[in-house]
Every structure is written in structure tokens, then in C-alpha cells.
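Biologist: Please take a close look at one strand of this model, and then follow the charged pairs elsewhere in the chain.

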Amino acid sequence: MTKDWKTRTKLVHEGSRRSQYGEMAEAIYLTQGFVYPTAESAEERFIKAGSDEFIYARYGNPTTRMFEERIAALEGTEDAFATASGMAAVNGALVSMLRAGDHVVSSRALFGSCLYILEEVLTRYGVNVTFVDGSDLDQWRAACTPATKAVFFESMSNPTLELVDITEVSKIAHAIGALVIVDNVFATPVFSRAVEQGADVVVYSTTKHIDGQGRALGGVICGTKDFIRKVAEPYLKHTGAAMSPFTSWIMLNGMATLDLRCRAMADSALKIAEVLSTDDRISKVIFPALGSHPQHQLAMAQMGSGGTLVTFDIKGGKDAAFKFCNALEIIKISNNLGDAKSIATHPATTTHQRLPQPQKDALGITPGLIRLSVGLEDVDDLISDLQAALSAI
């Protein structure tokens, strides 16, 4: 790992492998298996494959390995395992290390599918789960016990942009020997260094900022070599969660511009948040880089940025929110984020629809709430689009 390289250099070159042809672009190895020169070499590889030896695409692939090494270098971890989706990464990181009787503490402000894994899947197999207010350190302290094997949280929650103090929660977890697993999607690998701040395992939906252009599903688990290869990999390779080589190639190409894209999107997000904060048709704007955000200081210390998403509550509830969305021209209605195209999402009826109303209320997911993923369009055009849509309410 070339630790002396700066971020943008790592994003272009880290983990590169070249064939005998010396290709400039990373090659796509579209193969399900690999040929061994002898029966003896096949036996040796199944006993222990070398760092650049492969057995089967479900276990590993040269293109996928390039992506894993590049994201691990960026994240500051020893290793990584790429998965077919972000949820495969979340599921793999948790299920691979837990068994019946274990205890997990999680923040309650989570993406709907993450909640499903914790509330339905883990508990179905005898894992005990306790939910806490992620911003309340006293609740973390009270919930973590000697039986706790892991803590899990989104470093910035979906969709209300609530932060968890990675450093302090990691101290609480490590004091009782628990592993810290962080879903870092909203913070992005550009603005958050969760491992430096105490996290043991970091998961991403690479579908979001890492691809950045809405092309492919993907996920990745980053952690120590022992966790990735001895805990996560056996579970993932036997249950079929591997990322396809073609997707790995897409992610490699997306990473080359990741830093540039995220910084440009975050700059636009701040300008949009500032404008929306002055609009009397909106009751609340949530953006961590604004001084009005209750965790503004933590966001600046932990990320140095507000990120690429702005959440705001439109007066008039669901009807007004739908009129607003339907009047947008540049900004698209969808449920993805981190895309080059700006996207508006109504969480109460889409990403968090399955939650009962009391749970939505507790999480701040109101009928008028809009989650805006800011893309790479001209920020003045985006502001005009937002203002015109607000005028249509």
C-alpha cells in the first residue's frame, strides 16, 4: 500500500494490475474460473491461494481485486471485499461475525433495509439488538454491555443527516471489546476517515458516490485483513455475494473522479442549503455545514464538510411535497443518491415507507420531507429549478 500517495493519486493508480500486454486502462477479466498449469498447482492454490492467484469468480477476480485494493488504500484499511450491493455488504459485515445469543447496539436512525436486517434478520436467528439515539452518548454507554459484540451506525443518517460521533462511540465500544461497524455512505470516503476515528469495519454502497453515475449496484466491506479474509470472506464467498468483474471495472473508473465529484457536489449543496434556508415555503433545512445544524461542530471536526445531500421540510405536508417534486425539471425523482444527476426523494413514501408512522415521527421523517442528492449540474440552474418547483406548490 502506497501510504505516501495523496488521495487523488490513489484514486487513479492504487491496486493497478497489468497483463503482459501493458494495457493503459484496467482490464475486465470476464471469467468464472481460472486454469491451473498442473494438478499439483491446483491443489496448492485450494490449500492457500497467493496474493495474486485466483480460484473462482465467487471467491475473487483480478479486476475485483484491483477495486478492493484501491478502496482499501483510500479508506486506510488493510483489506476489502467487494459485494454485489450495498446491502450485501451490510448483511455480510454483520451476519458473518454474529451468532445466536450475541448482542448488537445500533443507532435507530437507519436506512429502511438496514433496519430490516437488524430488526428482522438478526433477531430471527437469535441475535439481540438494542436501538439507541445515535447522537446521545449516554444511551450508547447504557446499552453497551460485556455481551455486546458489535455496534452499528450510519456515520450520517439517512435521510435526516444526523451524525454519530465516531471517535466517542468507538471508545465506548472498544472499552467492552465490541467491534465498531460504520455505514459511511452519506459521509463518502472523501469526507470521512472513519478508521482513523476509531471504526473497525466500514461499509459502503458503491452504487452511490463511488460509481457516481447510476450505472451499477455494488458494495464493499473494508477492514483488517483478519476480519476480511477470516470472518467476512468465508461467509460471503459461500453465500454468493461477490461483485461481478464488470461492475468492479465500473467502480474502478468511478473512483478516478470521486474526489473531484464529491467536492464539487458538496460546494453546490452548501449554496443550495443557504438559499433554501431563506425560503418561507420551507419550515426546516437540514445540512451539516450550516450553523443551524445541531451537530455543526461535530460535522466540521469529523468530515470538514456538509456532504452532498440536503434535506428540507416543505410546508403543506405530502400534497405540497408531491406538487414540488412533480414540478421539478432538471432534478429527477428517484431513490438513489450520490449521482452526477441531482435527485429528489420523498422518504416517507419511498425509502422509509415500510416504517410505522410512530417510527417515522421519532426519526423526523415528516410528510413534507425531501431528501435532495446534489449532482454535478450548474448550481444556479439547480437553484432556479428548486425555486420554480416551490412556486408550483
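**A strand and its surroundings**

Modeller: In strand S7, cysteine 222 is the bridge partner of valine 202. The model is a predicted one, in which local features need pLDDT of at least 70 and side-chain atom pairs count only at pLDDT 80 or more, while totals for chains, interfaces and linings use all residues. Residues are numbered from 1 along each chain as its sequence is written, and side-chain values use heavy atoms, with hydrogens and water left out.

Helices (H or I, at least four residues) and strands (E, at least two) are DSSP runs, numbered from the N terminus. Two strands pair if DSSP finds at least two bridges between them. Strand S6 (residues 201–205) is joined to S7 by four bridges, and the two run antiparallel. Strand S1 (residues 79–83) also runs antiparallel to S7, with five bridges between them; here alanine 82 stands opposite valine 220.

In a regular strand the side chains alternate between the two faces of the sheet. Accordingly, Gly219, Ile221 and Gly223 point one way from S7, whereas Val220 and Cys222 point the other way. Buried means under 20% relative accessible area, exposed over 50%, and partly exposed in between (1.4 Å probe, protein chains only). Five of the five residues of S7 (residues 219–223) are buried, so this strand is largely enclosed by the rest of the structure.

The charged pairs come next. Side chains of opposite charge can pair when their charged atoms come close. A salt bridge is a side-chain nitrogen of Lys or Arg within 4 Å of a carboxyl oxygen of Asp or Glu. The whole structure has 18 salt bridges.

One of them joins arginine 17 to aspartate 52, with the closest N and O atoms 2.5 Å apart. Arginine 17 lies in the loop between helix H1 (7–13) and helix H2 (39–47), and aspartate 52 in the loop between H2 and helix H3 (62–75), so the pair ties together parts that are 35 residues apart in sequence. Arginine 17 is buried, at 14% relative accessible area, whereas aspartate 52 is partly exposed, at 47%.

Another salt bridge joins aspartate 138 and arginine 141 (2.8 Å, N to O). These two residues are three apart in helix H6 (residues 137–143), which means that about one helical turn separates them. Aspartate 138 is exposed, at 54%, and arginine 141 is partly exposed, at 45%. Elsewhere, salt bridges that share partners form one network of Arg17, Asp52, Arg65, Glu68, Glu69, Asp79, Lys225, Arg229 and Glu233.
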